[in-house]
Structure formats: structure tokens, C-alpha cells
Amino acid sequence: MSVTILPYIKETKTASVSSSTAAGKSSAATAGSQTEFREILEAEKRAREAMAVDAMIEESKSGGVSGDAIQKLLGFRPQAVAGSDISSTASAGSVSGPTASKDSASSACAASGTANSSDTASSSSAAGTTDTGTSTTASSKTVRGCPAELEDDFKEAAATYGVDVNLLKAVAKAESGFNASATSSAGAMGVMQLMPSTAKSLGISDAYNAHDNIMGGARVLSQNLDRYDGDISLALAGYNAGCGNVDKYGGIPPFKETQNYVKKVLNYYNGL
């Protein structure tokens, strides 16, 4: 197994936490140190998780563990596992289109699925939806707030992957407010808030590149829509919480954040 800790060191924040308790140190400074320490631990945890996933992928290549075993452990099948139709080193522009199989797409479904939206969503139901919030028709309204410089990227992604451009914009607005530099506390990146493992599985080397990020998010949504037969609510739930959770609960997972997220995106999508 060739996975080492070196490539992951840069994922962990470096900081020094003083053990000094000298008199006169303010409580605000102490609180700041505690916050910084928690951030360091969280970053280290994410790095270790990434190492574990990549280690299992390396083992699968040598026959040490099967792709099915990895899928059972992680709740999704990383596309870098042997037998996948997409190489983890592929360029963002070379990934296959919206006709890719559901099995080969399950890695991306798993977690762009970050449950990382921090805003509080409206609890009202989106107009023109079913009881589960599903809408199978394209919105005739426009999502407000999209920067002019991203319009062509959204149009290209929508045309490439067969996803309504307003749905893509609604997700981007809910995820990052169209901020290409956004990073969530969970480590999700860019306009569509792709997790590092998701970006890697899609062959995206720079998740802060707005064009590549939007293309990646569109691909994930397209795969989710295909997986759930066009059910937008379930596709959005999979984008936020991972398809494993959607499958596990047979619908939108009972996570308040995911339920609010789906309603929020649908509200944006329907122009509410």
C-alpha cells in the first residue's frame, strides 16, 4: 500500500497552542485558543479520513479489499476504485457526460453531500411541488443574485449535463451565495461546495476554479436526478446529505439541516 501521510499534511492547519497560563491573560484570548485548537483537530480529522479512503482505494487496486466492501463501509463507491469508468487523475474536462452509469457516479453523490449549508431555510413549501417537494418541470423564473461572469459557466454546465440552469443556480445560491472562494467548516469548496473527495473523484484539481466547480456540481446533480428518476427533492437531499442517507431512509433523511436545505433550494428554484 503506497498511501503515506505526507500528501495530507498540508490539509491540516498548523498553529502553536501555548501551554502558558500566565496571570492577566484575558478570557477572550483563552476562548480564541480553544477555538483555534478545535479547528486544528477538525482539520486533522478530515485529513485522516481522506487518508483512510485513499488507503482503501489503494488496497482495492492490489486485490486486498473489494470495491463492494469499500462501498459497504463508506456508504458509496469511490470512482478511483478498480473497475470504475473514471480515473481519479482525469482532467475536469474529460469526465463522462450525464449518461454515466449510476454505479460509477455514486462517489460524487456521496458528498458533495456535505450537509454544510449554514443559513436557516424557510419552512414553507415551494410552490408547484408535490408533498415531498418534488418538481419535475423547469422553473420559468430566474434565480436572483448570479454574477454576470458566471452566467456562461452555468449555461454550459446545464447544457452539458441536462440540468435546468435555474436549478444549478438555486443550489449555488444556497451553498455559497455564488462565492467561488467559499470554504465551509466541513471543508466543502467553491461555488457548488464540493467536498475534496468529491472533487478528486470528478478529476477536478482546483475546486476553487468556478467553471470546473460548477461543471462538477452539475454532474453530481445530473447523476442524482438519474438515480432518483428525476425527483428533484431526493436529488437535492443526496447532494446535501449523501445518497447513502437518502437510500437508507427511503426519502429525504430526517436531518433538520437537510430538510431545510431542500426547501431553501426549491424556494430559490421557484423564485420564492
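Q: What share of the 272 residues is buried?
A: Buried residues make up 44% of the 272 residues in the protein, where buried means under 20% relative accessible area, exposed means over 50% and partly exposed lies in between, computed with a 1.4 Å probe on protein chains only. This is a predicted model, in which local features need pLDDT of at least 70 and side-chain atom pairs count only at pLDDT 80 or more, while totals for chains, interfaces and linings use all residues. Residues are numbered from 1 along each chain as its sequence is written, and side-chain values use heavy atoms, with hydrogens and water left out.

Q: And how many helices and strands are there?
A: The protein has eleven helices and zero strands, these being DSSP runs numbered from the N terminus (H or I over at least four residues for helices, E over at least two for strands).

Q: What about contacts between residues at least 24 apart?
A: Among contacts between residues at least 6 apart in sequence, 62% join residues at least 24 apart, with contact meaning heavy atoms within 4.5 Å.

Q: Let's take α8, how far does that helix reach?
A: Helix α8 covers residues 210-227, 18 residues in total, and spans 26 Å from its first C-alpha to its last, close to the 26 Å expected; the expected span is 1.5 Å times one less than the number of residues.

Q: Is α8 mostly covered or mostly open?
A: Mostly covered, since 15 of its 18 residues are buried.

Q: What happens at its two ends?
A: At the start of α8, a side-chain oxygen of N209 comes to within 3.1 Å of the backbone nitrogen of H211, a polar contact (a pair of N or O atoms within 3.5 Å, where within protein one must be able to donate a hydrogen and the other to accept it, and residues adjacent in sequence count only if both atoms are side-chain atoms). Just after α8, D229 has a positive phi of about 50 degrees.

Q: How does α5 cross α8?
A: The axes of α5 (residues 151-161) and α8 come within 9 Å and cross at roughly 35 degrees, the axes being lines fitted to C-alpha atoms over the stretch in contact, with angles running from 0 to 180 degrees between N-to-C directions.

Q: Which residues meet there?
A: From α5 they are D153, F154, E156, A157, T160 and Y161, and these meet H211, I214, M215, A218, R219 and S222 in α8. By class, that contact has six nonpolar, three polar and three charged residues, counting Ala, Val, Leu, Ile, Met, Phe, Trp, Tyr, Cys and Pro as nonpolar, Asp, Glu, Lys and Arg as charged, and the others, Gly among them, as polar.

Q: Next one along, why is α9 described as largely enclosed?
A: Because ten of the ten residues of α9 (residues 232-241) are buried, the helix is largely enclosed by the rest of the structure. At its start, a side-chain oxygen of D231 reaches to within 3.1 Å of the backbone nitrogen of S233, and α9 is followed by G242, whose phi is positive, near 95 degrees.

Q: Switching topic, where does F178 lie?
A: F178 is in the loop between α6 (165-176) and α7 (196-201), and it has a positive phi of about 70 degrees although it is not a glycine. F178 is buried, with a relative accessible area of 7%.

Q: And where is Q193 found?
A: Q193 is also in the loop between α6 and α7, with a positive phi near 50 degrees in a residue other than glycine, and Q193 is buried at a relative accessible area of 2%.
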